[in-house]
Amino acid sequence: MFESGPFVAEHVSETDDEQVQPNGVDLTLEAVYEQREPGRIGQDGKQIGDRQRLETQQVADDAPETYYLTPGGYVVQYAETVRIPDGHVGYIYPRSSLLRNSCMLNTAVWDAGYEGKGEGLLQVHHDIELERGARIAQLVLAEADHDGTYDGSYQGENVALDEF
Ligand SMILES: O=c1ccn([C@H]2C[C@H](O)[C@@H](COP(=O)(O)OP(=O)(O)OP(=O)(O)O)O2)c(=O)[nH]1
(Lines give C-alpha, C1' and ligand atoms only; values in the text may rest on other atoms or scores of the structure.)
Protein backbone atom coordinates (compact mmCIF):
# COMPACT_ATOMS: atom_id res chain seq x y z
CA MET A 1 0.00 0.00 0.00
CA PHE A 2 1.18 3.52 -0.77
CA GLU A 3 1.05 6.06 2.03
CA SER A 4 -0.67 9.46 1.86
CA GLY A 5 1.10 12.73 1.14
CA PRO A 6 0.77 13.95 4.75
CA PHE A 7 2.42 10.69 5.96
CA VAL A 8 5.30 11.15 3.51
CA ALA A 9 5.67 14.78 4.69
CA GLU A 10 6.45 13.53 8.21
CA HIS A 11 9.66 12.05 6.77
CA VAL A 12 10.80 14.99 4.65
CA SER A 13 12.21 18.31 5.89
CA GLU A 14 11.76 21.19 5.29
CA THR A 15 8.47 21.26 3.40
CA ASP A 16 5.70 23.80 2.94
CA ASP A 17 2.02 23.09 2.32
CA GLU A 18 2.40 23.52 -1.45
CA GLN A 19 4.74 20.52 -1.58
CA VAL A 20 2.33 18.10 0.10
CA GLN A 21 0.37 16.27 -2.61
CA PRO A 22 -2.43 13.69 -2.18
CA ASN A 23 -0.06 10.73 -2.65
CA GLY A 24 3.39 12.12 -1.92
CA VAL A 25 5.60 15.13 -1.38
CA ASP A 26 7.22 17.26 -4.05
CA LEU A 27 10.98 17.70 -3.78
CA THR A 28 12.67 20.87 -4.99
CA LEU A 29 15.87 21.59 -6.88
CA GLU A 30 18.90 22.49 -4.79
CA ALA A 31 21.80 22.15 -7.22
CA VAL A 32 22.72 20.97 -10.72
CA TYR A 33 26.01 19.24 -11.51
CA GLU A 34 27.73 18.37 -14.76
CA GLN A 35 29.99 15.34 -14.67
CA ARG A 36 33.57 16.02 -15.83
CA GLU A 37 35.49 12.79 -15.21
CA PRO A 38 34.62 9.10 -15.64
CA GLY A 39 33.24 7.15 -12.72
CA ARG A 40 33.65 3.42 -12.17
CA ILE A 41 31.41 0.61 -10.98
CA GLY A 42 33.35 -2.53 -10.16
CA GLN A 43 32.45 -5.89 -8.68
CA ASP A 44 33.56 -4.42 -5.35
CA GLY A 45 32.83 -0.78 -4.79
CA LYS A 46 32.17 2.20 -6.96
CA GLN A 47 33.57 5.63 -7.63
CA ILE A 48 31.65 8.73 -8.64
CA GLY A 49 33.41 10.80 -11.31
CA ASP A 50 34.33 14.41 -10.57
CA ARG A 51 31.58 16.87 -11.30
CA GLN A 52 31.15 20.61 -11.46
CA ARG A 53 28.35 22.49 -9.77
CA LEU A 54 26.70 24.78 -12.30
CA GLU A 55 26.05 28.45 -11.66
CA THR A 56 22.57 29.93 -11.79
CA GLN A 57 21.72 32.91 -13.97
CA GLN A 58 19.35 35.82 -13.42
CA VAL A 59 16.99 35.33 -16.38
CA ALA A 60 14.40 37.85 -15.16
CA ASP A 61 14.03 40.42 -12.39
CA ASP A 62 11.86 37.99 -10.44
CA ALA A 63 13.97 34.89 -11.26
CA PRO A 64 17.43 35.54 -9.85
CA GLU A 65 18.54 31.90 -9.45
CA THR A 66 17.70 29.99 -12.61
CA TYR A 67 19.57 27.16 -14.30
CA TYR A 68 19.42 27.46 -18.10
CA LEU A 69 20.09 23.90 -19.27
CA THR A 70 20.89 22.82 -22.81
CA PRO A 71 20.40 19.20 -23.97
CA GLY A 72 22.50 16.68 -22.07
CA GLY A 73 22.63 14.69 -18.83
CA TYR A 74 22.85 16.44 -15.47
CA VAL A 75 22.98 15.25 -11.87
CA VAL A 76 20.46 17.13 -9.75
CA GLN A 77 20.40 17.31 -5.97
CA TYR A 78 17.15 17.73 -4.08
CA ALA A 79 16.90 20.39 -1.35
CA GLU A 80 14.96 18.34 1.21
CA THR A 81 16.32 15.79 3.66
CA VAL A 82 14.43 12.51 3.22
CA ARG A 83 14.25 9.75 5.82
CA ILE A 84 12.83 6.45 4.57
CA PRO A 85 11.02 4.95 7.58
CA ASP A 86 11.24 1.33 8.64
CA GLY A 87 8.68 -0.85 6.87
CA HIS A 88 8.77 1.28 3.71
CA VAL A 89 10.50 1.81 0.38
CA GLY A 90 10.66 5.12 -1.47
CA TYR A 91 10.21 5.92 -5.14
CA ILE A 92 10.66 9.24 -6.87
CA TYR A 93 8.79 10.24 -9.97
CA PRO A 94 9.42 13.29 -12.14
CA ARG A 95 6.91 16.09 -12.17
CA SER A 96 4.92 15.59 -15.35
CA SER A 97 5.70 19.19 -16.38
CA LEU A 98 9.30 18.03 -16.86
CA LEU A 99 8.15 15.32 -19.27
CA ARG A 100 5.88 17.77 -21.04
CA ASN A 101 8.97 19.93 -21.55
CA SER A 102 10.97 17.05 -23.11
CA CYS A 103 12.97 16.28 -19.95
CA MET A 104 13.18 13.13 -17.82
CA LEU A 105 14.31 12.54 -14.26
CA ASN A 106 15.73 9.06 -13.74
CA THR A 107 15.71 7.63 -10.23
CA ALA A 108 16.50 4.42 -8.33
CA VAL A 109 15.21 2.71 -5.18
CA TRP A 110 15.22 4.63 -1.88
CA ASP A 111 15.98 2.08 0.84
CA ALA A 112 14.45 1.81 4.29
CA GLY A 113 16.79 3.56 6.74
CA TYR A 114 18.33 5.94 4.16
CA GLU A 115 18.61 9.55 5.24
CA GLY A 116 19.96 12.35 3.11
CA LYS A 117 19.50 14.84 0.34
CA GLY A 118 19.48 12.49 -2.62
CA GLU A 119 20.34 12.93 -6.25
CA GLY A 120 18.85 12.00 -9.61
CA LEU A 121 19.75 12.07 -13.29
CA LEU A 122 18.06 14.78 -15.31
CA GLN A 123 17.93 14.18 -19.05
CA VAL A 124 17.34 17.38 -20.99
CA HIS A 125 16.11 16.86 -24.55
CA HIS A 126 15.20 20.50 -25.19
CA ASP A 127 16.53 23.68 -23.58
CA ILE A 128 14.79 24.36 -20.28
CA GLU A 129 14.94 26.89 -17.46
CA LEU A 130 14.78 25.46 -13.94
CA GLU A 131 14.66 27.80 -11.01
CA ARG A 132 16.53 26.85 -7.86
CA GLY A 133 13.85 25.85 -5.34
CA ALA A 134 11.35 24.81 -8.04
CA ARG A 135 9.45 21.56 -7.49
CA ILE A 136 10.84 18.94 -9.88
CA ALA A 137 9.97 15.52 -8.43
CA GLN A 138 7.57 13.68 -6.15
CA LEU A 139 8.51 11.19 -3.42
CA VAL A 140 6.06 8.42 -2.62
CA LEU A 141 6.39 5.79 0.12
CA ALA A 142 5.11 2.23 -0.11
CA GLU A 143 4.86 -0.24 2.74
CA ALA A 144 7.53 -2.91 2.22
CA ASP A 145 9.17 -5.80 4.00
CA HIS A 146 12.95 -5.44 4.23
CA ASP A 147 15.98 -7.31 5.49
CA GLY A 148 18.08 -4.77 7.40
CA THR A 149 18.26 -1.07 6.65
CA TYR A 150 20.41 1.11 4.37
CA ASP A 151 24.01 1.37 5.57
CA GLY A 152 25.83 2.36 2.40
CA SER A 153 28.18 5.16 1.48
CA TYR A 154 25.41 7.62 0.65
CA GLN A 155 24.00 7.60 4.17
CA GLY A 156 23.75 11.21 5.37
CA GLU A 157 24.79 12.60 1.98
CA ASN A 158 24.62 16.34 1.36
CA VAL A 159 23.33 16.97 4.89
CA ALA A 160 25.14 19.41 7.19
CA LEU A 161 26.31 17.78 10.44
CA ASP A 162 24.05 20.01 12.54
CA GLU A 163 21.03 18.84 10.52
CA PHE A 164 21.83 15.16 10.97
O1 LIG B 1 17.28 8.02 -7.43
C2 LIG B 1 17.78 7.82 -6.32
C3 LIG B 1 17.63 6.60 -5.67
C4 LIG B 1 18.19 6.43 -4.42
N5 LIG B 1 18.88 7.46 -3.82
C6 LIG B 1 19.44 7.31 -2.47
C7 LIG B 1 18.53 6.49 -1.57
C8 LIG B 1 19.14 5.13 -1.57
O9 LIG B 1 18.84 4.43 -0.38
C10 LIG B 1 20.62 5.46 -1.70
C11 LIG B 1 21.46 4.35 -2.25
O12 LIG B 1 20.90 3.93 -3.47
P13 LIG B 1 21.39 2.55 -4.09
O14 LIG B 1 21.30 1.47 -3.05
O15 LIG B 1 20.72 2.38 -5.38
O16 LIG B 1 22.94 2.93 -4.34
P17 LIG B 1 24.16 2.00 -4.71
O18 LIG B 1 24.78 2.54 -5.92
O19 LIG B 1 23.74 0.56 -4.73
O20 LIG B 1 25.14 2.29 -3.51
P21 LIG B 1 25.29 1.51 -2.13
O22 LIG B 1 26.26 0.43 -2.42
O23 LIG B 1 25.77 2.50 -1.14
O24 LIG B 1 23.91 0.98 -1.75
O25 LIG B 1 20.66 6.59 -2.57
C26 LIG B 1 19.02 8.66 -4.46
O27 LIG B 1 19.61 9.61 -3.95
N28 LIG B 1 18.48 8.81 -5.71
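Predicted model: local features only at pLDDT ≥ 70, side-chain atom pairs only at ≥ 80, totals over all residues.

Q: Where does the ligand sit?

A: Start with the site as a whole. Here the ligand sits in the largest pocket.

Q: How many residues surround the ligand, and which are the closest?

A: Look at the neighbours next. The ligand is surrounded by 14 residues. The closest are Lys46, Ala108, Asp111, Glu119 and Tyr150.

Q: What classes of residue make up the shell around the ligand?

A: Sort the neighbours by class. The shell has 6 nonpolar residues, along with 4 polar and 4 charged ones.

Q: Which atoms of aspartate 111, tyrosine 150 and glutamate 119 lie by the ligand?

A: Aspartate 111 uses a polar side-chain atom, 2.6 Å from an oxygen atom of the ligand. Tyrosine 150 has a side-chain N or O atom 2.6 Å from a ligand oxygen atom. With glutamate 119, a backbone N or O atom lies 2.7 Å from a nitrogen atom of the ligand.

Q: Now the backbone. Which peptide bond is cis?

A: Read the omega angle. The bond from serine 13 to glutamate 14 is cis, and its omega is near -15 degrees. Glutamate 14 belongs to the loop between strand S1 (12-13) and strand S2 (25-35).

Q: What is the phi of serine 102, and where is this residue found?

A: Serine 102 has a positive phi of about 65 degrees, though it is not a glycine. Its place is the loop between helix H2 (96-100) and strand S10 (103-106). Serine 102 counts as partly exposed because its relative accessible area is 35%, between the 20% and 50% cut-offs.

Q: What about the phi of asparagine 158?

A: Asparagine 158 is not a glycine, and its phi is positive, near 60 degrees. This residue is in the segment after strand S14 (135-143). Its relative accessibility is 35%, so asparagine 158 is partly exposed.

Q: Is glutamate 3 buried or exposed?

A: Read the relative accessible area. For glutamate 3 the value is 12%, so this residue is buried; the cut-off is under 20%. Glutamate 3 lies in the segment before helix H1 (5-9).

Q: How far apart are glutamate 3 and glutamate 143?

A: Separate sequence from space. The two are 140 residues apart in sequence, but their C-alpha atoms are 7.4 Å apart in space.

How values were computed:
Residues numbered from 1 in each chain as written. Heavy atoms only, no water. Near = heavy atom within 4 Å. Polar contact = N/O pair within 3.5 Å; in protein donor to acceptor, adjacent residues only side chain to side chain. 1 Å grid on protein atoms, 1.4 Å probe; cavity = no way out; pocket = protein on both sides within 12 Å on 5 of 7 lines; lining within 4 Å. Sits in = over half its atoms within 2 Å of the grid points. Nonpolar A, V, L, I, M, F, W, Y, C, P; charged D, E, K, R; others polar. Helix = DSSP H or I, 4+ residues; strand = E, 2+ residues; numbered from the N terminus. Buried < 20%, exposed > 50% of the residue type's maximum accessible area, 1.4 Å probe, protein only.
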